[in-house]
Amino acid sequence: MENVSRIPQPTLSLQANFASDLPELSIPWQAEETPEPRLLVINEPLAANLGLDPEWLRSQDGVGLLTGNRVPEGAAPVAQAYAGHQFGSYVPRLGDGRALLLGEITDTGGHRRDIHLKGSGRTPFARGGDGRAVVGPMLREYLISEAMHGLGIPTTRSLAVVATGRTVLREEGPLRGAVLTRVAASHLRVGSFQYARNHEDPAVLRRLADRAVELHHPAAAQDENPYLSLLRGVMAAQAGLVAQWLLVGFVHGVMNTDNMTISGETIDYGPCAFIDAFDRNAVYSSIDTGGRYAYGNQPAVAQWNLARFAEALLPLLHEDQERAVSLATEALGEFPREFGTAFSAGMRAKLGLPADSPDETVGTLIDDLLALLQQDHVDYTQFFRRLGHGARGDLGPVQAVFTDRPAFDAWTERWLAFGPDPAAMERTNPVYIPRNHLVEEALEAATAEDLAPLHRLLEAVSEPFHERPGFERYAEPPPEDFGRYRTYCGT
């Protein structure tokens with residue numbers, strides 16, 4: 001680490017708890033030098049929440065922190081080790097191939113947050129990659145993660161994107177290099193536990209689990225079987241998270257086990273997208289040729305990933321293998337109920353239904369609506385906003401999008417009998433999401449060094465529930481000639 005410059009600012013401190021507590025799960029490393037770093041976008045509200053001065057972050061020292069080239073005294077950047085199932089196939093050694101954990105910071109609310117870089121250069125986990133990132137995908141993560149935050153969905157967040165001044169070669173040709181600074185409650189993943197389970201020292205798994213309990217599920221420490229409580233806590237967090245994804249039409253795109261957090265935050269916005277026309281089979285990732293991570297498959301994939309988490313925890317659940325398997329199986333069996341409860345509660349809110357509406361009747365109402373949306377591939381986001389107007393008596397615009405008008409009218413009659421609350425619907429159903437055509441427009445402009453479309457889209461999606469004059473195009477579906485949408489991981 002002798003080549004890394006140190007920031008002469010005594011008020012900035014990055015703790016190295018992960019690096020010191022779990023040295024078996026990381027490798028000390030440093031970011032590669034950036035020849036001509038230039039700040040592209042900075043998240044001022046997040047910076048303030050972290051106790052960082054946005055103006056200082058714009059300085060040479062600040063940009064040095066955001067690229068990993070200038071770090072505070074005592075910081076110990078590491079590349080984290082983890083394993084993972086990628087599209088169902090197990091890879092025992094993945095890790096941060098182009099990323100670094102700079103350290104942890106305590107924010108103004110007293111919460112510990114990871115400061116993490118993406119695109120900071122090759123590490124020992126790079127597996128033949130160049131370790132770099134480019135402007136478009138890094139701005140995509142910045143944009144989508146901030147949209148998710150605006151929607152109230154647990155997510156890692158982006159502090160900044162810095163252009164490195166380095167040219168990066170990709171299939172489409174030479175592109176501008178970039179580094180993203182990501183902030184998270186932690187970067188512990190299901191894949192972290194898979195890696196620790198196979199470590200030659202069995203104590204590593206227990207120390208990792210203890211850290212997860214301390215950081216994310218502290219109540220589990222008081223239970224008779226804290227590691228079983230950890231499993232249940234992670235399962236509940238992920239069930240709620242995936243339910244929220246489906247409720248806003250989000251498709252993660254690459255739900256490998258190394259992309260599932262223990263905290264319950266959304267992480268790694270690679271080939272992700274929001275659905276326009278409702279389609280349970282929607283797939284946007286260019287590499288998901290079999291549809292494994294399609295919109296409607298996400299709950300089942302989450303449960304599968306959690307089963308891999310449970311397998312990793314087996315030695316901690318009970319000393320008797322059979323009993324450990326039994327405990328894990330019983331816990332995992334609760335996932336459908338956890339997810340169903342979260343999804344049903346969210347749909348009740350989207351439909352403006354009273355909380356005491358009968359479960360069975362509401363369940364049928366939801367299922368029938370989703371079937372109608374699927375049949376006509378209705379624009380998902382616009383439908384629920386228009387339905388809110390329907391609750392106020394203006395049903396014409398929402399009726400017009402259905403070919404089977406009698407079927408929708410019959411459904412509407414059943415829905416209106418509940419007395420839906422239009423104000424509650426407006427608080428729940430976004431006007432603005434990062435629509436795919438607008439995301440591509442903003443990223444294409446940013447790649448050509450015009451950031452105005454990106455900032456305008458960020459302005460819209462940061463306050464997604466409030467309809468505002470001048471933002472009409474951000475609420476509209478894509479033009480007919482937009483075509484089939486494909487996203488790429490950017491590596």
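The following exercises, each with a worked solution, concern a predicted model.

**Exercise 1. Arginine 182**

Determine where arginine 182 lies, whether it is buried or exposed, and which side chains make polar contacts with its side chain.

*Solution.* 
Step 1. Locate the residue: arginine 182 belongs to strand β12, which covers residues 173-184.
Step 2. Consider its accessibility. The relative accessibility of arginine 182 is 1%. Buried means under 20% relative accessible area, so arginine 182 counts as buried.
Step 3. Identify the polar contacts. The side chain of glutamate 141 is joined to that of arginine 182 by a polar contact of 3.0 Å. The side chain of histidine 187 also makes a polar contact with the side chain of arginine 182, at 3.3 Å.
Step 4. Examine the wider surroundings. Not counting residues up to four places away in sequence, the residues that arginine 182 touches include Asp114, Thr156, Arg189 and Asp268. Glu141 and His187 are also among them.

**Exercise 2. Helix α4**

Explain why helix α4 is described as largely enclosed by the rest of the structure.

*Solution.* 
Step 1. Define the element: helix α4 has eight residues, 60-67.
Step 2. List its buried residues: Asp61, Gly62, Val63, Gly64, Leu65, Leu66 and Thr67.
Step 3. Draw the conclusion. Because seven of the eight residues are buried, helix α4 is largely enclosed by the rest of the structure.
Step 4. Look past the helix: glycine 68 follows α4 and has a positive phi, near 80°.

**Exercise 3. Aspartate 258**

State which feature UniProt places at Asp258, and describe the surroundings of aspartate 258 in the model.

*Solution.* 
Step 1. Consult the record: an unreviewed UniProt entry places the feature "active site" at Asp258.
Step 2. Locate the residue: aspartate 258 is in the loop between β13 (250-251) and β14 (273-274).
Step 3. Consider accessibility: with a relative accessible area of 7%, aspartate 258 is buried.
Step 4. Name its contacts. Leaving aside neighbours within four places in sequence, aspartate 258 is in contact with Tyr82, Ala83, Gly84, His85, Gln86, Leu94, Arg189 and Gly191.

**Exercise 4. Helices α13 and α15**

Describe how helices α13 and α15 pack.

*Solution.* 
Step 1. Apply them. Helix α13 (residues 380-391) packs against helix α15 (residues 405-416) at an angle of about 60°, and their axes are 12 Å apart.
Step 2. Classify the arrangement: α13 and α15 are therefore oblique to each other.
Step 3. Phe383, Leu387, Gly390 and Ala391 in α13 meet Phe408, Trp411, Trp415 and Leu416 in α15.

Notes. Residues numbered from 1 in each chain as written. Predicted model: local features only at pLDDT ≥ 70, side-chain atom pairs only at ≥ 80, totals over all residues. Heavy atoms only, no water. Helix = DSSP H or I, 4+ residues; strand = E, 2+ residues; numbered from the N terminus. Buried < 20%, exposed > 50% of the residue type's maximum accessible area, 1.4 Å probe, protein only. Polar contact = N/O pair within 3.5 Å; in protein donor to acceptor, adjacent residues only side chain to side chain. Contact = heavy atoms within 4.5 Å. UniProt positions renumbered as here; feature names shortened; annotations may be inferred. Axes fitted to C-alpha atoms, helices over the stretch in contact; angles between N-to-C directions. Parallel < 35°, antiparallel > 145°, perpendicular 65-115°, else oblique.
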